[in-house]
Every structure is written in C-alpha cells, then in structure tokens.
Amino acid sequence: MQKMINLKINGIPVSIEEGSTILQAARKAHIEIPTLCFLKDVSRMGSCRMCVVEATGARGLVAACVYPVAEGMEVRTNTDKCRQSRKMTLELILSKHKKKCLSCERNHSCELQRLSLGYSVDEDRFKGEDYVLPIDDSTPYIVRDNDKCINCMRCVNACKKQGIQAIGPIDRGFNVHIGSAFDRPLVDSPCVGCGQCVVDCPVGALSEKSNVDEVWNALSDTTKKVIFFTAPSVRATLGEAFDMPVGTNVEGKMIAAIRRLHPDAVFNMDVTADLTIMEEASELINRIKTNKPMPMFTSCCPAWVKFVEQSYPEMIPHLSTCKSPQQMFGALLKTYWAEKNGINPKNLFVVSVIPCTAKKYECSREEMKGDVDVAITTRELARMIKTAGIKFNELEDEEFDNPFAYATGAGAIFGATGGVMEAALRTAAHMLDGKFEVLDFFAMRGSNPIKEATYLVAGHTIKVAVASGLDNAKKIIENIKSGKKKYDFIEIMSCPGGCVNGGGQPTLPDSVRNSVELKEARAKALYNADAKNEIRRSQDSPAMDILYDDYLGFPNSHKAHQILHTTYKADKKI
C-alpha cells in the first residue's frame, strides 16, 4: 500500500500519495494553480514559473508542478507574493510576444491571454528588443509563428514523446527560439504532421494551415458542386468548440450546421471506413493464405505512413495498400458518384472534415492528389460555423444525405485507438469462418499505448497488436525486427489515443486538459454510437452492397485496386 502524505493547501486538509506534487494536491482540494509550461502527460518542467506557491520548508517560491509534497506541509497559493510574481512573469513574457490577439487563431482560447486578463497585467511594462522571426509555413499542414512563442517547450516535449524530435530550442538567451535542426524549414525536417505540437501549444505560435478561405470561395462558386464529408471522431469533439461537455456526440447538430453552410451534400465518412475494412480484411486474408509479407500494418493514418516512409522504409511492403477512408471517399465521389449523377468530376469540390493535420498533407500526396480538394480540421469547421452565425447549440438534429448515410458501428469506432483493429476483426473473422459472430473485441479497447491479443479463427491463429503514438510504433517495429514479437495484423495511429486526440481537434483550456481524461471521454462517445447501431459489421452495411454490386464488383477486385488502393515510397530525411 502506498504511503499517504497529509498537508494543507490554503488551510484545506489534503491526503495524497507520496511522490505527488503540490499541483496535484491542490487539484484534489479543488484549487486551480495557473500553469503555462506544464501539461499532463506531455510536459512537466517547472520552467515558466507561473505555478509558484509558498510552502513551508522552502526558502522561496517553488514551482508547484514539480515540487513534491511533504508530511505536515502547508501551502499557500494566492498570497500577494505569489500573485505579484506571476504578474511579472506574464509581463516579461509579453515583452517579446507578438500581441496581435484580434487576428490570432487562438483569440479567446489562448492561455497567455486568459492569464494576462486574470492578473490585470500591463502588456507594455517591459519593452524587449525587436526580434522578428520569419513565419514557417513550408508544410501543407502546420504554420509556426515564433514571435508568438513563449518558449514553454510543450511542443518540443510533445514531438519528443512521439519519438520524432523534429523541433527543439535554437540559440540562447533573448534570441532562443523553437525550430528544426540548423534552422531549416519544417518541411525539411522529419516532421510527420501529426499536429500534437499544435494542440499542446498554449498560445498561437502553432496552428494548422487554414483552408477555410478556399472552402468559402468554393461555396460561392456557382459552377462548383461542393460536397462535405465528416470523419468518425469529429462528432465526438465538435461540441467542445461550443462549450458542450467533453464526449458529447453532436452528429445530428454537426450535419445541420454544415447544411446551413449550403453545400450540395453532407456525407458520412463512416461509409468509407466500412469500405476500408472490406478491402483491408480481404487483403489480410489474402496475405495469410498466400504467405505475402507479414505482418500487415494498417494504412489509415497518413502521419504513420509518412513515418514509415521516412524512418523504416524497409517496412513499406508490410503496409496495407488501402487508401485511408478520407482518400477512398474522395476517389469514390469523383468516379462512382459523379458517374451516377452525370456530373463532371472537375466540377466537384470535395471537402473532408477531419480531426487531423496530417490529412492536409495526405491530400497533397502526388499519387492521391485530386481525390480530396481540401481537408479542414474540427477547429476550422467550428470557425466556419461561428462565422456563419449558426447557433449550433440550438440546432435540431439532422441526418446525412444518401447514399452515403448507411454506416455501421464498425465505421464509427475508427476514431478511437483499437477501433480499426476491432472493426477489421469483426469482418475478417467472419470472412474466414461464416459462423464467427463475435462483435466485441474488448482487448482492443482502452487508451493503453500498446495492446496485444491472439484469436483462433477457422483454424488460423491470428496475433494482433495496436499501438497509438509513434514512439510506441517504434517499439512494435523494433520488436518485430529483432524477432522478439510475431504478429499477423497491426493497427498504428500516430496520435496518442487515436483520432479522438488528433492534432486538428478543439483546443481546450489547460484546466480541462489537466483534469479530464479526454481520450477516454471522447472514445466513449464512439463506442456508445457503435453499441446503439443495429448494424455493427462493415460487410452488413447496405452501402457496401450498393458500392460492390453497382460498381466495384468485389473486395480487392481490379477496379477496387484502381480506385481504392495506392503505393508508398521511401522518403529519407536527414
């Protein structure tokens, strides 16, 4: 049994496990201590000095995020000394901060702005040197404005946690800034576009490269038919941008809001999640039966695919050749749907709403360019809804347009880590053994970074693994290469927790991110949607019957390969 420590926070008795910090103890007493550099599970440095408190036994103010509790300790978090110290820290940060709040992506959702207002700072108290750094917009997915950076190192730690380390501190003293090696543009770095740095940044130094203006222009162009489709996890997170509780499923309101932007149709990407399963499960069975390169890795996550191409090109033959659900949907719209409706594909403008910044990069890949015209993040969609004056919270639920409305529960769970694997197992097991009726593969659920299981189906022993976070993907790959582990099928998602925690999801206050288990709450919304769906296997979807009977023929057919599959190539980065 772990030893408990007894202390007082602002006179409130608290009992907490030995080894805990003052910050953790304060939260247990329902007291919020301000932070900037600290972020649960990402960064714990004590460098910004915003969380300073007075504690018995300490000679001066201490950083609550790293200072351990002690028996009998008394902590005061809001003394005049603490407040004045925090205020001066904020004023010093603002002395070299680009104060363009009204035009900043993070206006009203910026931690620095929120704290500065709370502490009544004088933003011009200290005048720093003019040190103008160029904006790095070299990638199709992320923009870095270092003149807004506060050097909290959260982005650096997020990238390090991913095992990528594409960015780090450069120079010293007043001139220190965050960038890639040798101050090269981000596009020349090993960055894979996962966007974890963006969601972890407390200010506006990092943002997705916006495609909102392109969408508005298309909506205004009478020669274009504009089609929106939404990824599975967006329904579980969009509500957060409108102050709804974390994990609220807003699918109906989301559809209603998009429809009021006046596109020609609003479709459900869950349909091509199901299609991905049909193609991927068939590919897996074919590999098992023909001894083709095993194990097979999923290919739904473009940041993961880019990571393999850059860091482990020898593993490319193990990637499924399936396009992601996003690219499959775009390809189907510009072939099958355009043909059925007598539309010239050149007149289609296809918009994907996604939880991910890497999907922007995926749209620009040469071998898939043209499938999807623009990918916008959950955050970008929320901005469009607000700009259009749509009262999101007051909307009545509406439904997706046909024929791309018939989705299964299997498609819905794609947004959670393990969801792709579970959906694939439901279908692959049934393909191998028509009597196999298990629908819930609980070993694949939860936010554990690595999950493993073994299943016996029709005489085949299938060993599977799931990893989220690219550092965990490294561990899986290295175990395979060393012979320590053997698998048949592996799901990898670059973002910890999967797409529900993607780099394009809403930016929430630190007070929420540090106290709520976001990954679990968001994933729960998707699993609840799966449980309520009458159809829970991809092959049982009416949409699959329509697509294969009318157009594709059968899974992994020649036509399916032409439209729904792709290739990869080595892309070594120095």
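Which residues lie nearest the centre of the second largest cavity? The legends below take up this question first, and they describe a predicted model throughout.

**View 1. The second largest cavity of the predicted model, with its lining residues.** Of the 17 residues that line this cavity, Cys-159, Ala-166, Ile-167, Cys-191 and Cys-197 lie nearest its centre. The volume of the second largest cavity is about 150 Å³, and strand S6 (142-144), helix H4 (154-161) and helix H5 (196-200) each supply at least two residues of its lining. Divided by class, that lining has twelve nonpolar, four polar and one charged residues.

**View 2. The largest cavity, with its lining residues.** The structure holds eight cavities of 30 Å³ or more, and the largest cavity has a volume of about 270 Å³. Its lining is made up of 22 residues, of which Cys-300, Pro-355, Lys-359, Met-493 and Cys-499 lie nearest the centre. In terms of class, the lining of the largest cavity has 14 nonpolar, seven polar and one charged residues.

**View 3. The largest pocket, with its lining residues.** This pocket has a volume of about 770 Å³ and is lined by 32 residues, with Asn-107, His-108, Ser-109, Lys-386 and Thr-507 lying nearest its centre. Helix H3 (111-118), strand S9 (206-208) and helix H12 (378-387) each supply at least two residues of the lining. The lining residues of the largest pocket divide into 15 nonpolar, seven polar and ten charged.

**View 4. The second largest pocket, with its lining residues.** The volume of the second largest pocket is about 550 Å³, and among its 26 lining residues Glu-251, Asn-268, Ala-405, Ala-407 and Asn-533 lie nearest the centre. Helix H7 (251-259) and helix H17 (518-532) each supply at least two residues of this lining, and the largest share, four residues, comes from H7. By class, the lining of the second largest pocket has eleven nonpolar, six polar and nine charged residues.

**View 5. Helix H14, residues 419-432.** This helix has 14 residues, which at 1.5 Å a residue should span 20 Å, and the model agrees with that expectation because the end C-alpha atoms of H14 are 20 Å apart. Helix H14 is also mostly covered, since 13 of its 14 residues are buried, where buried means under 20% relative accessible area.

Definitions and conventions: Residues numbered from 1 in each chain as written. Predicted model: local features only at pLDDT ≥ 70, side-chain atom pairs only at ≥ 80, totals over all residues. Heavy atoms only, no water. 1 Å grid on protein atoms, 1.4 Å probe; cavity = no way out; pocket = protein on both sides within 12 Å on 5 of 7 lines; lining within 4 Å. Points joined across faces, edges and corners; volume = space filled by probe spheres on them. Nonpolar A, V, L, I, M, F, W, Y, C, P; charged D, E, K, R; others polar. Expected span 1.5 Å × (residues − 1). Buried < 20%, exposed > 50% of the residue type's maximum accessible area, 1.4 Å probe, protein only.
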